Amino acid sequence: MAKLELLPAVDVRDGQAVQLVKGESGTGGRYGEPLAAALAWQEAGAEWIHLVDLDAAFGTGDNRALIADVAGRLDVKIELSGGIRDDASLEAALATGCRRVNLGTAALEEPEWVAKAIAAHGDRIAVGLDVRGTTLRGRGWTRDGGNLYETLARLDAEGCARYVVTDINQDGTLTGPNLQLLRDVCARTDRPVVASGGISSLDDLRALAAMTGEGVEGAIVGTALYEGAFTLPEALALVREG
Ligand SMILES: O=C(O)c1ccccc1N[C@@H]1O[C@H](COP(=O)(O)O)[C@@H](O)[C@H]1O
């Protein structure tokens, strides 16, 4: 069975590494310099960093220069997201050298542009499906953006290579991932799925690792790592053991 990939998160708001609860502004913890956080995960053995410009996602500015600097100083693969919604932001994101970008709001509001981006960039494009129930949310998770499964079918048909599925109600809560949601998404697509939201323990990672055969390729881990619920080396050892 394939090894579950782990993607420690570095979410940037107002120049700082943060972790929000359910994506609500002003909630959650602040964890200092994003570069220091990213380097710490890299030194602890991370193969990926999930790097998010939350200001760009919320439309409250951006951290583009900082994020480009962080990306340029890392040796690991980077998944970059937040505010990538047009040619200029996509080109700037890809120019950081990141391995792939996640498109969120654009997949809900600019389907033709997203189809073109998928056609042009292949598996360097993933789509973030951020949901409450089965309703997608965009613009910093403040606006409804349609039905999860209708959008998934459309993106599959357009050749989308991968999905990052976030249960907003679990995100940052340390209450465990929504395994049923992941199962349901995996049942409706043959594309790999990266799980996001709620991971709180090594047992949660074991549960996700057991789903690689269903299509769960990776897991984004944020608050649990920052709050010391387990260490990254412990998590990496768990997924390596299979
Ligand atoms: O990660 C968060 O906590 C988060 C909270 C609120 C909004 C977005 C969040 N993260 C990621 O941002 C991108 C979406 O950005 P956009 O809609 O394309 O501008 C997506 O990967 C979210 O998971």
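**Close-up views of the predicted model**

**View 1. Gly-159 counts as partly exposed, with 13 C-beta neighbours inside 10 Å.** Burial is assigned by counting other C-beta atoms, placed from the backbone, within 10 Å of a residue's own: 20 or more means buried, 12 or fewer means exposed, and partly exposed lies in between. The structure is a predicted model, in which local features need pLDDT of at least 70 and side-chain atom pairs count only at pLDDT 80 or more, whereas totals for chains, interfaces and linings use all residues. Residue numbers start from 1 along each chain as its sequence is written. Gly-159 belongs to the loop between α7 (148–157) and β10; helices (H or I, at least four residues) and strands (E, at least two) are DSSP runs, numbered from the N terminus. Once residues up to four places away in sequence are set aside, Gly-159 touches Ile-118 and Ala-119, a contact being a pair of C-beta atoms, placed from the backbone, within 7 Å. The C-alpha atoms of Gly-159 and Ile-118 are separated by 6.8 Å, although the two residues are 41 apart along the chain.

**View 2. The shell around the ligand contains 25 residues, of which Gly-23, Ser-81, Gly-104, Thr-105 and Gly-128 come nearest.** A residue is near the molecule if its C-beta atom, placed from the backbone, lies within 6 Å of it. At least two shell residues are supplied by each of α2 (54–58), β6 (100–103), α5 (105–109), β7 (125–132) and β10 (163–167). Helix α2 gives the largest share, 3 residues. By type, the shell divides into 10 nonpolar, 11 polar and 4 charged residues. In this division Ala, Val, Leu, Ile, Met, Phe, Trp, Tyr, Cys and Pro count as nonpolar, Asp, Glu, Lys and Arg as charged, and the others, Gly among them, as polar.

**View 3. An unreviewed UniProt entry lists Asp-11 and Asp-130 under "active site".** Such positions are given in the numbering used here with shortened feature names, and the annotations may be inferred rather than shown by experiment. Asp-11 is found in strand β1 (residues 5–13). Asp-11 counts as buried because 28 C-beta neighbours lie inside 10 Å. Beyond residues up to four places away in sequence, Asp-11 touches Ala-17, Val-18, Gln-19, Val-52, Leu-54 and Gly-222. Asp-130 has its place in strand β7, and it is buried, with 29 other C-beta atoms within 10 Å. Leaving aside neighbours within four places in sequence, the contacts of Asp-130 are Gly-104, Leu-136, Arg-137, Trp-141, Thr-166 and Ile-168.

**View 4. The largest nonpolar core has 74 residues, among which Ile-49 and Ala-219 touch the most other members.** A nonpolar core is a set of buried Ala, Val, Leu, Ile, Met, Phe, Trp, Tyr and Cys residues joined through C-beta atoms within 7 Å. Apart from neighbours within four places in sequence, Ala-219 is in contact with Leu-4, Leu-6, Leu-7, Val-194, Ala-195, Ile-199, Leu-205 and Leu-208. In soluble globular proteins, nonpolar side chains tend to be buried together.

View 5. Ala-187 is exposed, with 9 other C-beta atoms within 10 Å. Val-185 counts as buried, since it has 24 C-beta neighbours inside 10 Å. Not counting residues up to four places away in sequence, Val-185 touches Leu-152, Tyr-163, Val-165 and Val-193. From C-alpha to C-alpha, Ala-187 and Gly-215 are 8.4 Å apart in space and 28 residues apart in sequence. For Val-185 and Ala-120, the corresponding values are 25 Å and 65 residues.

**View 6. Arg-139 has a positive phi of about 50° although it is not a glycine, and Leu-174, also not a glycine, has a positive phi of about 55°.** Arg-139 lies in the loop between β8 (135–138) and β9 (143–147). With 16 other C-beta atoms within 10 Å, Arg-139 is partly exposed. Leu-174 occupies the loop between β10 and α8. Leu-174 is partly exposed, with 17 other C-beta atoms within 10 Å.

**View 7. The protein has a mean pLDDT of 97, and 100% of its residues reach 70 or more.** The pLDDT is the predictor's confidence in each residue, from 0 to 100. The model scores ipTM 0.96 and pTM 0.98.

Key:
Two residues are in contact if their C-beta atoms, placed from the backbone, lie within 7 Å.
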